[in-house]
Amino acid sequence: QVHLVESGGGSVEPGGSLRLSCTASGITYRRYCVGWFRQSPGKEREWIANINFGGSMSYISDSVKGRFTISQDPSTVFLQMNNLKSDDTGIYYCAVPSDGAWCFGPTRETDFGDWGQGTQVTVSS
């Protein structure tokens, strides 16, 4: 059973920064895609970024490019969020494909079968 845990959310003022973390357990693949999504109030779940955990290729959505970056260390995938705006408010999720697939570009919600519970990000003045 795959288990994903997001952490690092909180409340910040516009222009502030947060770094989210995603850790995974129960995955037998050595390399696999990890995606970040967000669920903003009144909006559909939106793809933010992905990275090939254990690899090097990563992708950022145009909506956050220049402000957000995705990275990894041997145990964690990070989403660094800078210059936060009120529109960035939402629940942020990490996810992995059920088959351990790699990602080679932008991804969609249906590409991922295993999801964390999410971490809340609130940006307000």
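Predicted model: local features only at pLDDT ≥ 70, side-chain atom pairs only at ≥ 80, totals over all residues.
1. The largest nonpolar core has 25 residues, and the members touching the most others are Val 34, Trp 36, Leu 79 and Met 81. At least two residues of this core come from each of strands S3 (18–25), S4 (32–39), S5 (46–53), S7 (68–72), S8 (77–81), S9 (90–96) and S11 (119–123). The greatest contribution is that of S5, which gives four residues.

2. A separate, second core consists of seven residues, among them Cys 33, Phe 37, Trp 47 and Ala 95.

3. With neighbours within four places in sequence left aside, Leu 79 is in contact with Leu 18, Arg 19, Leu 20, Trp 36, Ile 48, Ala 49, Phe 68, Thr 69, Ile 70 and Tyr 92. One of these, Trp 36, is also listed with Leu 79 among the core residues that touch the most other members.

4. Gln 80 belongs to strand S8. Its relative accessible area is 25%, so Gln 80 counts as partly exposed rather than buried, for which the value must be under 20%.

5. Beyond its neighbours within four places in sequence, Gln 80 has contacts with Ser 17, Leu 18, Arg 19, Arg 67, Phe 68 and Thr 69. Between Gln 80 and Leu 20 the C-alpha to C-alpha distance is 6.4 Å, although 60 residues separate them in sequence.

6. The side chain of Gln 80 also makes a polar contact of 3.0 Å with the side chain of Asn 82.

Notes:
Residues numbered from 1 in each chain as written. Heavy atoms only, no water. Core = buried A, V, L, I, M, F, W, Y, C linked by side-chain atoms within 4.5 Å. Buried < 20%, exposed > 50% of the residue type's maximum accessible area, 1.4 Å probe, protein only. Contact = heavy atoms within 4.5 Å. Polar contact = N/O pair within 3.5 Å; in protein donor to acceptor, adjacent residues only side chain to side chain.
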